[in-house]
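Subject: Structure handover

Hello,

Here is the structure you asked for, with notes on what came out of it. Please read the notes with the model open.

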Amino acid sequence: MTRRQFLAAGTMTAAALVLPALDRGSQASDIRLLPPLPYPENALEPVISSKTIGIHYGKHHKGYADNLNKLISGTELDTLTLEKIITATAGKPEKTAIYNNAAQTWNHRFYWNSLRPNGGQAPPDILSKKIKDSFGSFVECKKQLSDAAVTQFASGWGWLVSDGDHLRIVKTGNADNPLTQGLHPLLTIDVWEHAYYLDYQNRRAEYVNTLIDKLINWEFAAANLERI
Ligand code: MN
């Protein structure tokens with residue numbers, strides 16, 4: 001049994017134990033690509049419904065992870081970390097499908113961890129100081145994050161990133177990930193319609209602003225800052 005087969009076998013067992021209610025489909029998702037959600041599907045209610053989370057995680061995220069598994073299976077990319085797969089395929093037209101599925105897999109894993117029940121509280125000191133240095137205030141940081149997420153045209157992501165000595169807000173379209181620009185993501189907001197349409201229909205600003213007020217996991221962002 002190869003290391004990959006061993007991991008895949010272990011993943012099926014672990015995933016089945018942790019997430020018995022989800023339709024696993026016929027693909028065996030690799031746990032590095034589709035780890036369990038960090039909270040129950042209904043934990044983010046009423047801001048994001050369990051129905052939205054169930055479909056978003058169980059269909060969309062799982063779909064990207066399964067596609068990526070199929071695309072890299074048996075190739076030289078199979079042994080790389082997800083981050084290395086993203087940077088190795090970015091900007092290569094013949095690798096677009098792998099890049100898109102790898103980036104979307106990474107982005108969703110990062111998004112789940114960027115949220116938490118009872119989030120939106122004041123950031124830990126290390127991050128709070130950096131936010132004041134970079135934006136002037138926590139309120140201004142949240143305003144810029146909201147503006148970026150709301151104004152991203154069509155599908156994409158809003159991000160808080162570390163860029164050298166400073167923090168910045170950036171937005172990316174479709175699957176794109178700031179890692180390819182040499183930036184260090186600290187947190188993200190998914191603004192693809194599948195992230196909010198069942199709960200908010202076309203009211204993206206309401207989704208984004210409620211999420212920033214009530215769900216952002218600033219502790220996760222601070223931990224990412226400390227790891228750089
Ligand atoms: Mn999504």
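What share of the 228 residues of the chain counts as buried? The figure is 46%. Please keep in mind that this is a predicted model.

Overall layout

The chain has 9 helices and 3 strands. From the N terminus on, the order of the elements is α-α-α-α-α-α-β-β-β-α-α-α. Among contacts in the chain with a separation of 6 or more, 68% are between residues 24 or more positions apart.

Metal site

A manganese ion is coordinated by four residues: His56, His108 and His194, each through NE2, and Asp190 through OD, at 2.0 to 2.1 Å. In sequence, these donor residues follow the spacing H-x51-H-x81-D-x3-H. His56 belongs to helix α2 (residues 50-72) and His108 to helix α4 (residues 96-114), so this pair ties together parts that are 52 residues apart in sequence. Both His56 and His108 are buried. If you want to check the geometry, the ideal angles at a metal are 109.5 degrees for four tetrahedral donors, and 90 or 180 degrees for six octahedral ones.

Strands

Strand β1 (residues 156-163) pairs with strand β2 (residues 166-173) in the antiparallel sense, over 8 bridges. Within that pairing, Ser162 has Leu167 of β2 as its bridge partner. The hairpin of β1 and β2 has 2 residues between the strands, and Gly164 takes a positive phi near 65 degrees there.

β1 also runs antiparallel to strand β3 (residues 184-190), to which it is joined by 6 bridges. Trp159 stands opposite Thr188 in β3, and Leu160 has Leu187 of β3 as its bridge partner.

How enclosed are β1 and β3? In β1, 7 of the 8 residues are buried, so the strand is largely enclosed by the rest of the structure. In β3 the count is 6 of the 7 residues, so β3 is likewise largely enclosed by the rest of the structure.

Core

The largest nonpolar core has 62 residues, and those with the most contacts inside it are Ile48 and Tyr207. The largest share of this core, 8 residues, comes from α4. As general background, nonpolar side chains in soluble globular proteins tend to be buried together.

Which residues does Tyr207 touch, not counting residues up to four places away in sequence? They are Ile48, Tyr111, Ile189, Asp190, Val191, Ala195, Tyr196 and Tyr200. One of these contacts, Asp190, is also a donor residue of the manganese ion.

α4 is mostly covered, with 14 of its 19 residues buried. At 1.5 Å a residue, α4 should span 27 Å, and its end C-alpha atoms are 26 Å apart, which agrees.

Helix α6 (residues 138-151) has 14 residues and reaches 20 Å from its first C-alpha to its last, close to the 20 Å expected at 1.5 Å a residue. The buried residues in α6 are Phe138, Cys141, Leu145, Ser146, Ala148 and Ala149. They cover an arc of only 165 degrees around the axis, which puts them on the same side of α6. An α-helix has 3.6 residues a turn, so residues three or four places apart point the same way. What covers the buried residues of α6 includes α5 (125-135), β1, β2, β3, α8 (204-214) and α9 (218-227).

Ser134 is in helix α5. Not counting residues up to four places away in sequence, Ser134 touches His166 and Leu167. Ser134 and Arg168 are 34 residues apart in sequence and 7.3 Å apart in space, C-alpha to C-alpha.

Leu179 lies in the loop between β2 and β3. Leu179 is also partly exposed, with a relative accessible area of 22%. Leaving aside neighbours within four places in sequence, Leu179 is in contact with Glu83, Thr87, Trp106 and Pro185. The C-alpha atoms of Leu179 and Lys84 are separated by 9.8 Å, and these residues are 95 residues apart along the chain.

Regards

Methods. Residues are numbered from 1 along each chain as its sequence is written. This is a predicted model: local features need pLDDT of at least 70, side-chain atom pairs count only at pLDDT 80 or more; totals for chains, interfaces and linings use all residues. Side-chain values use heavy atoms; hydrogens and water are left out. Donors are N, O and S atoms within 2.8 Å of the metal (3.2 Å for Na, K and Ca); water is not among the atoms, so sites may look incomplete. Helices (H or I, at least four residues) and strands (E, at least two) are DSSP runs, numbered from the N terminus. Buried means under 20% relative accessible area, exposed over 50%, partly exposed in between (1.4 Å probe, protein chains only). Two strands pair if DSSP finds at least two bridges between them. A nonpolar core is a set of buried Ala, Val, Leu, Ile, Met, Phe, Trp, Tyr and Cys residues joined through side-chain atoms within 4.5 Å. Contact means heavy atoms within 4.5 Å. The expected span of a helix is 1.5 Å times one less than its number of residues. The arc is that of the directions from the helix axis to the C-beta atoms.
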